[in-house]
Amino acid sequence: MSKPTVFVTRLIPEKGLDMLREQCAVTVWEDELPPPRDALLREIAGADGLLCLLTDPVDAGVIDAAPKLRVISQMAVGFDNIDIPAATGRGIPVGHTPGVLTGTTADFAFALLMAAARRISEAERFARAGRWKTWGPTLFMGQDVHGATLGIVGMGRIGQAMARRARGFDMRILYTDPSEPDAARDVGAVRVALDDLLAESDFVSLHVPLTADTERLIDRRALARMKPTAILVNTARGPVVDQAALYDALVSGQIAYAALDVTDPEPIAPDDPLLSLDNCLVVPHIASSSVATRTRMAVMAAENLIAGLNGDRLPHCANPQVYA
Ligand code: DGY
């Protein structure tokens, strides 16, 4: 019997690719950049399976272009780049990679929080530029993390992991979420309305998926509620924040600092005004990027894909309604 054909939209960690190559005829898009739309449409036309990344817009047009497609597997926990109703309508299960990146992403969100609080990237640029002349009594004074109030927007797995880290720093923890997970109670986190969280927090960290409800959740009005000393950390998705409003808030001193792992669009344009600000730290969407975690994500994505090709239920399915 011939092997199922699979298109992988980028070079992923080898372990995941090896698993696929054992069972499938695999085509990998080897460029550093994602396949352009015409290439994606061409490559997917005869594919039984697609392993994609958050940089690939898998919309209804792409799904329609793949008459044989039986499974889509995304190597990420978020799947806002995939038209889930279109996939479900075609009976195609969509896999994703929840859980394996929780700790790594929370570590990084906390690292961003610390870096912004203590102005680490500014200070590093200063030292490298040869501007360090002496120990300065007021040099790069930042903000204390211990004892401060952290507001977590979205108390899912990563939000909860962030709360556990904050507890170790003796922080007061507030959160907003439609549900009240036991884990939040265990770390003494208090559920409040978003407006109260924004008004009371020294640090606001975003951990919501991108949906119609969370798009531009942090808009001009939300930023206006925050303290002038507040620091915003975004490791969720860029469009959760209104970036033009964020720029204005950072320039006017309405808030003190932002640390962004994600932007809108990605990559951020080199001439984006946010990049001109000392009080804005921007990194290229790397919160889950540890060797171990990216390898686990690739393996999990391969497992989902293989399950779908074998007609088995995906171990981690973003649209379980497809099985109804
Ligand atoms: C995800 O998985 O959704 C992250 O944004 C990338 O690891």
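Trainee: What makes strand 1 (residues 5-8) and strand 3 (residues 49-52) a pair?

Mentor: Three bridges join strand 1 to strand 3, and the two run parallel. Two strands pair if DSSP finds at least two bridges between them, so three bridges meet the criterion. One of the residues involved is phenylalanine 7, whose bridge partner in strand 3 is leucine 50. Strands here are DSSP runs of E with at least two residues, helices are runs of H or I with at least four, and both are numbered from the N terminus.

Trainee: Where do these coordinates come from, and what was counted?

Mentor: The model is predicted, so local features need pLDDT of at least 70 and side-chain atom pairs count only at pLDDT 80 or more, while totals for chains, interfaces and linings use all residues. Residues are numbered from 1 along each chain as its sequence is written, and side-chain values use heavy atoms, with hydrogens and water left out.

Trainee: Why are strand 2 (25-28) and strand 5 (94-95) called edge strands?

Mentor: The open sheet has five strands in the order 2-1-3-4-5, with parallel pairing. Strand 2 and strand 5 each have a single partner strand, so one side of each has no neighbour in the sheet.

Trainee: Which strands stand at the edges of the seven-stranded sheet?

Mentor: That open sheet is also paired in parallel, in the order 8-7-6-9-10-11-12. Strand 8 (190-191) and strand 12 (280-282) each have one partner strand, so they are the edges. Within the sheet, five bridges join strand 6 (residues 149-153) to strand 7 (residues 172-176), and valine 153 stands opposite threonine 176.

Trainee: How do you know how helix 1 (residues 14-23) is oriented relative to helix 12 (residues 291-309)?

Mentor: Their axes are 7 Å apart, at an angle of about 20 degrees. Axes are lines fitted to C-alpha atoms, for helices over the stretch in contact, and angles run from 0 to 180 degrees between N-to-C directions.

Trainee: Which residues make that contact?

Mentor: Contact means heavy atoms within 4.5 Å. Helix 1 contributes Lys15, Gly16, Met19, Leu20 and Gln23, and helix 12 contributes Thr295, Ala298, Val299, Ala302, Glu303, Leu305 and Ile306. They divide into seven nonpolar, three polar and two charged. Ala, Val, Leu, Ile, Met, Phe, Trp, Tyr, Cys and Pro count as nonpolar, Asp, Glu, Lys and Arg as charged, and the others, Gly among them, as polar.

Trainee: Is histidine 285 buried or exposed?

Mentor: Histidine 285 has 18% relative accessibility and counts as buried, since buried means under 20% relative accessible area (exposed is over 50%, partly exposed in between; 1.4 Å probe, protein chains only). Arginine 216, at 33%, is partly exposed.
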